[in-house]
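Here are a few exercises to work through with the model open beside you. Try each task before reading its solution.

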Amino acid sequence: MANYGYLRVSTDQQDVLNQKHGVLEYANHNGFANMEFVEDSVSGKKPWQDRELGRILQNKAVEGDTLIVSEVSRLARSTLQVLEILKHCSERQINLHIAKNNMRFDDSMQSRITATVLGMAAEIEREFISSRTKEALAARKANGMKLGRPQGKAEKLKLDVFKDEIQKYLDMGLSKAAIAKLIECPATTLYDYCRVRKMVKQK
């Protein structure tokens, strides 16, 4: 009998390591050896049949095999998908374990109820996070704060404090390289500053 550890990979590497640690700790505590880890980089919103999880459950795992996942939200993003996975595992007699909750799912009514509650809780939490984010952005917009990166050129540049001095040196006929040394800044920075501020010799 094979033992699989399912990890849903995200951009947060620490999260993936935490998932793996949780699965390994559960496996060691419950006597599951020779774990084969399966990493899935596809979003949990995509149907589970079209993910790496589907490949394992539909084409590789057989009766008596075990699949361990760190928490129920790693299986899918919707309650319906969680229930579909539970049903599939039950029909194929594949043991499904949720490490975080120390639970084993089978075809019993209690398992179905538990899977529904856990799946709904994870889905509701995501909705709360999304709602809080939208509310925060709306509040900032209502208060007159612009969202996103500022558009256009910066109103103030760091060499503005030397503007009069730079203009004086330009009028004296000094080169930009020489002026850069006098005000102690990189020559490229001064060249860019003069281009943006359209500064040239005036006398």
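**Exercise 1. Find what share of the 203 residues counts as buried, and describe the overall fold pattern.**

Of the protein's 203 residues, 35% are buried, where buried means under 20% relative accessible area, exposed means over 50%, and partly exposed lies in between (1.4 Å probe, protein chains only). The model is a predicted one, in which local features need pLDDT of at least 70 and side-chain atom pairs count only at pLDDT 80 or more, while totals for chains, interfaces and linings use all residues. Residues are numbered from 1 along each chain as its sequence is written, and side-chain values use heavy atoms, with hydrogens and water left out.

Next, list the elements: the protein has 7 helices and 5 strands. Helices (H or I, at least four residues) and strands (E, at least two) are DSSP runs, numbered from the N terminus. Along the sequence they give the pattern β-α-β-α-β-α-β-β-α-α-α-α.

Finally, look at the contacts, meaning heavy atoms within 4.5 Å. Among contacts with a separation of 6 or more, 67% come from residues 24 or more positions apart.

**Exercise 2. Describe how H2 and H3 pack.**

Two packed helices are described by the angle between their axes and the distance between the axes. Axes are lines fitted to C-alpha atoms, for helices over the stretch in contact, and angles run from 0 to 180 degrees between N-to-C directions.

- Step one: helix H2 (residues 52-60) and helix H3 (residues 79-92) meet at an angle of about 20 degrees, their axes 10 Å apart.
- Step two: H2 and H3 are therefore roughly parallel. Angles under 35 degrees count as roughly parallel, over 145 as roughly antiparallel, 65 to 115 as roughly perpendicular and the rest as oblique.
- Step three: H2 contributes Leu53, Leu57 and Gln58 to the contact, and H3 contributes Ile85, His88, Cys89 and Arg92.
- Step four: by class, the contact of H2 with H3 has 4 nonpolar, 2 polar and 1 charged residues. Here Ala, Val, Leu, Ile, Met, Phe, Trp, Tyr, Cys and Pro count as nonpolar, Asp, Glu, Lys and Arg as charged, and the others, Gly among them, as polar.

**Exercise 3. Now do likewise for H5 and H7.**

- Step one: H5 and H7 pack at about 95 degrees, with 12 Å between their axes.
- Step two: H5 and H7 are therefore roughly perpendicular to each other.
- Step three: Lys163, Ile166 and Leu170 of H5 meet Leu190, Tyr193 and Cys194 of H7.
- Step four: the residues of this contact of H5 with H7 divide into 5 nonpolar, no polar and 1 charged.

**Exercise 4. Which residues touch the most other members of the largest nonpolar core?**

A nonpolar core is a set of buried Ala, Val, Leu, Ile, Met, Phe, Trp, Tyr and Cys residues joined through side-chain atoms within 4.5 Å. The largest one has 21 residues, and Leu53, Leu57, Leu67, Leu75, Ile85 and Leu96 touch the most other members. Elements giving two or more residues to this core are strand E1 (3-8), H2, strand E3 (66-69), H3 and strand E4 (95-98). H3 gives the most, with 4 residues.

Now zoom in on leucine 96: not counting residues up to four places away in sequence, leucine 96 touches Leu67, Leu75, Ile85, Cys89, Met103, Arg104 and Phe105.

**Exercise 5. Is aspartate 65 buried or exposed, and what is it in contact with?**

Start with its place: aspartate 65 is in the loop between H2 and E3. Its relative accessibility is 3%, so aspartate 65 counts as buried. Leaving aside neighbours within four places in sequence, aspartate 65 is in contact with Met1, Ala2, Tyr4, Lys60, Ile94 and Asn95. Between aspartate 65 and alanine 2 there are 5.0 Å, C-alpha to C-alpha, though they are 63 residues apart in sequence.

**Exercise 6. Where are asparagine 34 and lysine 198 placed, and what is phi for each?**

Asparagine 34 is in the loop between helix H1 (13-29) and strand E2 (35-40). Its phi is near 50 degrees, a positive value in a residue other than glycine. With a relative accessible area of 75%, asparagine 34 is exposed.

Lysine 198 is in the segment after helix H7 (187-197). Phi of lysine 198 is near 55 degrees, again positive in a residue other than glycine. Lysine 198 is exposed, at 66% relative accessible area.
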